[in-house]
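Hi,

Here is the structure I promised to pass on. Have a look at it first, and then read my notes below.

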Amino acid sequence: LPICKVQALHLLCKHSGSRNPVSRRTGASTSAVTKESAHAELNTIMERLKGKSGQELVDAFAKEAQARSDCGSFQQGGNLGPFGPGEMQKPFEDATFALAPGEMSGIVDTDSGSHIILRIA
């Protein structure tokens, strides 16, 4: 079987435990941010996205990522482009592949920080 690729938007909150604790959006250090506060912020964002689906959810998620994500992909609304197995950190890959297109994850922790993921393809 061919290895399938998925596509996702994500929003990353870096924290003191991130392997490179600097926001790609602001250039500021995230070493004073606790993992707990990163999770609390993601939970607040997930609350705002609740009840949305389809294109409305994609647009709202992209807007949240542009405003808050610490990943360089914030400029693309968190869009990472298509990726296949082995191209992302394992917990992120596993969480993305477990979602159906149009479905949003809960909080996923990786070496980069804490994420929420919206699979779009």
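**Overall fold**

Going along the sequence, the pattern is β-α-α-β-α-β-β, which comes to three helices and four strands. The radius of gyration is 14 Å, close to the 14 Å that the globule rule gives for 121 residues, so the protein is as compact as a globular protein of that length. Do keep in mind that this is a predicted model.

A few overall numbers, in case you want them. The C-alpha trace spans about 45 × 30 × 25 Å along its principal axes. Of the 121 residues, 41% count as buried. If you take the contacts between residues at least 6 apart in sequence, 60% of them join residues at least 24 apart. The protein exposes about 6,200 Å², with carbon and sulfur atoms supplying 53% of that. As for charge, there are 13 positive and 13 negative ones, and their mean positions lie 4 Å apart.

In soluble globular proteins, nonpolar side chains tend to be buried together. Here the largest nonpolar core has 15 residues, and Leu11, Leu49, Phe61 and Ile116 are those with the most contacts inside it.

Leaving out residues up to four places away in sequence, Ile116 touches Leu9, His10, Leu11, Leu42, Ile45, Met46, Leu49, Phe61, Ser105, Gly106 and Ile107.

**A buried histidine**

His115 sits in strand E4. Its relative accessible area is 4%, and a residue counts as buried under 20%, so His115 is buried. What does His115 touch, not counting residues up to four places away in sequence? The list is His10, Leu11, Leu12, Leu42, Phe92, Gly106, Ile107, Val108 and Thr110.

**Two loop residues**

Gly72 is in the loop between H2 and strand E2 (79-83), and at 29% relative accessibility Gly72 counts as partly exposed. Gly72 and Thr26 are 46 residues apart in sequence, with 9.9 Å between their C-alpha atoms.

Glu103 belongs to the loop between helix H3 (90-98) and strand E3 (108-110). Buried, partly exposed or exposed? Glu103 has 37% relative accessibility, so it counts as partly exposed. Not counting residues up to four places away in sequence, Glu103 touches Ala98, Ile117, Leu118 and Arg119.

Cheers

Definitions and conventions:
Residues are numbered from 1 along each chain as its sequence is written. This is a predicted model: local features need pLDDT of at least 70, side-chain atom pairs count only at pLDDT 80 or more; totals for chains, interfaces and linings use all residues. Side-chain values use heavy atoms; hydrogens and water are left out. The radius of gyration is taken over C-alpha atoms; the globule rule is 2.2 Å times the number of residues to the power 0.38. Buried means under 20% relative accessible area, exposed over 50%, partly exposed in between (1.4 Å probe, protein chains only). Contact means heavy atoms within 4.5 Å. Accessible areas come from the Shrake-Rupley method with a 1.4 Å probe; for residues, only the protein chains shown count as cover. Lys and Arg count as positive and Asp and Glu as negative; His and the chain ends are not counted. The place of a charge is taken as NZ of Lys, CZ of Arg, CG of Asp or CD of Glu. A nonpolar core is a set of buried Ala, Val, Leu, Ile, Met, Phe, Trp, Tyr and Cys residues joined through side-chain atoms within 4.5 Å.
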